[in-house]
Amino acid sequence: MTIGHVLSVQVGRIAPLGLTGQPSAFIKRPVTGPVEVAALGIVGDEQADQVNHGGLEKAVYAYSNEHYCAWTADFPEHADKWVAGGVGENLTVEGLRDADLCVGDVHGIGSAALIVCQPRQPCNTFALRFNDKRLLRAMVRNGRAGWYYRVLRSGSLQAGDAIRLEHRPNPDFRFSRLVEIANFRNATTAELAAMAEMPGLASNFRTAARAAVGQEPG
């Protein structure tokens, strides 16, 4: 079932960012034509901070294009930056928002298959990109964080590709609820127990849930 499509694809190279010149690949540039997606993400995309960015469970970052209208309304002074790739995403998508997802959804895009595994939690590079520290708290409050994919099947994709829902293992656990839990640490005991063994959920969330309910690692 088609649930959206890829508006644009972006990759970043490590370069000085913002007034401090911090090394970062936050600024992404659009690419045309097919790109290869491997276990660690889109081939050619870089991460300066490989502790907090990148890796198997932050391989590809996706963001809904619909969110940019809301950002422009909230912070019109940054209107020129609220465009595809503006928050550092690899995939800018249309027709699909965070609220439409469930944790662990498997999306087929091109010949690749990607799993929705965790939300973005904003860090200082977001503020550096815009030279505006207000944006960190704003993203937490408004929940327009976007999502990270883990790569289930390597392949190629490109702008214009349909996003197909191939599997939904957790239909009762909305991704928007996971964003709330990540930001406000307000999970119920039942939610924590479910998260501890949830298919597709990023391992850091499962580990934290197990610890919270006193389970031994599986």
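Let's start with N170, which sits in the loop between β13 and α4 (175-184). Keep in mind that this is a predicted model.

Is N170 buried or exposed? Its relative accessibility is 10%, and buried means under 20%, so N170 counts as buried. As for what it touches, set aside the neighbours within four places in sequence: N170 is then in contact with C102, V103, G104, M198 and P199. G18 is another story: 152 residues separate N170 and G18 along the chain, and their C-alpha atoms are 40 Å apart.

## Strand β13 and its partners

Now step back to β13 itself, residues 162-167. It pairs with β1 (residues 2-12) in the antiparallel sense, over three bridges. If you want a spot to look at, T2 has R164 of β13 as its bridge partner.

Strand β9 (residues 106-109) also pairs with β13, again antiparallel, this time over four bridges. Here I109 is found opposite I163 of β13.

## Helix α3, one side in and one side out

Next up is α3, which runs over residues 134-142. Which of its residues are buried? L135, A138 and M139 are. They span an arc of only 100° around the axis, so they end up on the same side of α3.

Just past the end of α3 comes G143, with a positive phi of about 75°.

Note on methods
Residues are numbered from 1 along each chain as its sequence is written. This is a predicted model: local features need pLDDT of at least 70, side-chain atom pairs count only at pLDDT 80 or more; totals for chains, interfaces and linings use all residues. Side-chain values use heavy atoms; hydrogens and water are left out. Buried means under 20% relative accessible area, exposed over 50%, partly exposed in between (1.4 Å probe, protein chains only). Helices (H or I, at least four residues) and strands (E, at least two) are DSSP runs, numbered from the N terminus. The arc is that of the directions from the helix axis to the C-beta atoms. Two strands pair if DSSP finds at least two bridges between them. Contact means heavy atoms within 4.5 Å.
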